[in-house]
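Welcome, and thank you for taking a look. Here are a few notes to read alongside the structure.

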Amino acid sequence: ATAEFAPEASEGTQAVELSFDSAGLGGHRLVVFERLLDAQGTVLAVHEDIEDEGQSVTVVEIGTTLVDSSDGDHTVDNGTVRLVDTVEYKGLVAGEAYTAHGTVVDKATGMPLEDAEGNPVTATAEFTPEASDGTVEVAFEFDASRIEEGAALVAFEEVLDASSNVVAAHQDIEDEGQTVVVDNP
């Protein structure tokens, strides 16, 4: 990325925003190298330190697997059900606090599933990873007796840092691994 600017003083800062698709880079550490050039293209300064934590970021990536907690399959019966979504993460900072926040979505509508009171079916799990890669479980419990036979339910997950910033999301309505089907004859 490039940012053209005219400094107002001899010292200061300039933001350079980089945008790219980080899919598949979960757990990888990326380092930005910078070069400052004048209008004629002459290099005035260079900062290319592969070990500099200040110019590094680690890409966070999550994937999830949703199952019926009673038997571990992708089918739930009518009545009160308990689903467990195992969130696999890569690239979190060990020892820092995070929250995994999940929402159960009706695949047919793309909207959050609502409980009897009209509230979205959600669940959270607070955790502090011991390593940058690992798993955390998010458990949902709700009454499935009024859900239509064959309805597909999908878990959407986000991982938030201690400041409530979303650091990773997995919200793929087509992901069979994070989908359960209601068996409600």
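1. Strands are DSSP runs of E with at least two residues, numbered from the N terminus. Please keep in mind that this is a predicted model, where local features need pLDDT of at least 70, side-chain atom pairs count only at pLDDT 80 or more, and totals for chains, interfaces and linings use all residues. Residues are numbered from 1 along each chain as its sequence is written, and side-chain values use heavy atoms, with hydrogens and water left out.

2. Strand E7 (residues 80-90) runs antiparallel to E11, and ten bridges join them. Two strands count as paired if DSSP finds at least two bridges between them.

3. Both strands belong to an open, antiparallel sheet of three strands in the order E5-E7-E11. E5 (61-68) and E11 (134-143) are the edge strands; each has a single partner, so one side of each lacks a neighbour in the sheet. Ignoring direction, neighbouring strands here are turned by 20 degrees against each other on average.

4. Now to the surface, where Val 16, Leu 18, Phe 20 and Val 32 make up a nonpolar patch with about 340 Å² of accessible area together. Patch residues have over 30% relative accessible area and no salt bridge, and nonpolar side chains are joined within 5 Å. Phe 20, in the segment before strand E1 (29-31), is exposed at 53% relative accessible area (exposed means over 50%, with a 1.4 Å probe and protein chains only).

5. Finally, the rings: the whole structure has two aromatic pairs (ring centres within 6.5 Å). Tyr 89, Tyr 98 and Phe 127 are linked into a cluster by ring pairs.

Methods: Helices (H or I, at least four residues) and strands (E, at least two) are DSSP runs, numbered from the N terminus. Axes are lines fitted to C-alpha atoms, for helices over the stretch in contact, and angles run from 0 to 180 degrees between N-to-C directions. Patches are made of residues with over 30% relative accessible area and no salt bridge: like charges are joined within 9 Å, nonpolar side chains (Val, Leu, Ile, Met, Phe, Trp, Tyr) within 5 Å. Accessible areas come from the Shrake-Rupley method with a 1.4 Å probe; for residues, only the protein chains shown count as cover. A salt bridge is a side-chain nitrogen of Lys or Arg within 4 Å of a carboxyl oxygen of Asp or Glu. Buried means under 20% relative accessible area, exposed over 50%, partly exposed in between (1.4 Å probe, protein chains only). Rings of Phe, Tyr and Trp (its six-membered ring) pair if their centres lie within 6.5 Å; planes under 30 degrees apart count as stacked, over 60 as edge-to-face and the rest as tilted.
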